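I opened this notebook to record, entry by entry, what I looked up in the structure shown below.

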Amino acid sequence: MATCLSDTTYRPLGTRHGRTESSELRYATENFILCIIGQNFLPGMLVWRYAPKVLHSMTNSTPISVPRAKGRPRAFDRDQALLQALAVFWRRGYEPASVAELCSAMGVSPPSLYAAFGNKAKLFLEAVAYYEATFWDATWERMDTEPDIVLAISEFFHTSASILTEPEAPCGCMVVLAAVNVSDDAGEVTATLKALRQEGRDYLQQRLDRAVEQGQLKPETNTRLLAAALNTLLEGMSLQAHDAASREDLQGIGATAVAMLSPSLSA
């Protein structure tokens, strides 16, 4: 262990005559610590003079506050991650899609996926909700607000053909396609998809009912069955899109929706 030298040999760098007590206390504190760890020699006189103050200062000083590192932001864009998850669910189906596949496509780790979405079922349902809101909500709204029933149905199916073949979205409606690979054990997923499919039929029937009230369709029109037939056509277009049908072919198929209306149109 290093032995402290006498005060006559203590010549700290920058020492001047007339040092204040506070500056000597600072020098003594620094050298006291270095002496303890064997890195320096402390003048004997300063040990006896300042040791009580040094020890008091060291034991009663305010702890140094070290700022905590801020939490790292999530390393993915949520909307983009949902689209990537949709692509996996579209390609594999809900049940066969594994968490590992989803993480790989989304560029996240399993803990990040669970932290962001909860579990695979909640991820799937949020992805489907995002898909509906992004690609379909405005199309349903336009059908509802178009005054002429023929134009409303014609434009709805024409636009649907474009959505179903949209490069930025999975080919085919996820609400239809996802239902193919969902077991009864996935109760929440099954119930949600069923409700969404029913919602589509309800929208169509409400629009047809209004057309009857406005005299555009005959009073005896069975709007429930006609809505179901139109919705079945839309679901068939989804399956065709999944099988790589062209946009032009789907638009041609969608055009038959107007032909389905013809017998019910008022003269």
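**Entry 1: a charged pair**

I looked up Arg-210 and found that it counts as partly exposed because its relative accessibility is 23%, where buried means under 20% relative accessible area, exposed over 50% and partly exposed in between, with a 1.4 Å probe and protein chains only. Before going on I noted that this is a predicted model, in which local features need pLDDT of at least 70 and side-chain atom pairs count only at pLDDT 80 or more, while totals for chains, interfaces and linings use all residues. Residues are numbered from 1 along each chain as its sequence is written, and side-chain values use heavy atoms, with hydrogens and water left out.

Which residue forms a salt bridge with Arg-210? I found Asp-144, with the closest N and O atoms 3.3 Å apart; a salt bridge here is a side-chain nitrogen of Lys or Arg within 4 Å of a carboxyl oxygen of Asp or Glu. Asp-144 lies in helix α7 and Arg-210 in helix α10, so the pair ties together parts that are 66 residues apart in sequence. Helices are DSSP runs (H or I, at least four residues), numbered from the N terminus. Asp-144 is also partly exposed, at 34% relative accessibility.

**Entry 2: the other salt bridges**

How many salt bridges does the structure hold? I counted 3. In one of them Glu-126 pairs with Arg-78, their closest N and O atoms being 2.8 Å apart. Because Glu-126 belongs to helix α6 (residues 120-135) and Arg-78 to helix α3 (residues 78-92), this pair ties together parts that are 48 residues apart in sequence. Glu-126 is partly exposed at 28% relative accessibility, and Arg-78 is partly exposed at 30%.

I also found a salt bridge between Arg-92 and Glu-101, with the closest N and O atoms 3.0 Å apart. Arg-92 is partly exposed at 34%, and Glu-101 is partly exposed at 26%.

**Entry 3: α10 and its neighbours**

I then looked at how α10 (residues 187-213) packs with α11 (residues 223-242), and found an angle of about 130 degrees, with the axes 8 Å apart. Axes are lines fitted to C-alpha atoms, for helices over the stretch in contact, and angles run from 0 to 180 degrees between N-to-C directions. The two helices are therefore oblique to each other, since angles under 35 degrees count as roughly parallel, over 145 as roughly antiparallel, 65 to 115 as roughly perpendicular and the rest as oblique.

For α8 and α10, I found that the axes come within 10 Å and cross at roughly 160 degrees, and the two are therefore roughly antiparallel. The contact (heavy atoms within 4.5 Å) is made by Ile-149, Ala-152 and Ile-153 of α8 and by Leu-204, Arg-207, Leu-208 and Ala-211 of α10.

**Entry 4: a residue inside α8**

Is Ser-160 buried or exposed? I found that Ser-160, which lies in helix α8 (residues 149-164), counts as buried because its relative accessibility is 0%. Leaving out residues up to four places away in sequence, Ser-160 touches Trp-136 and Leu-234.
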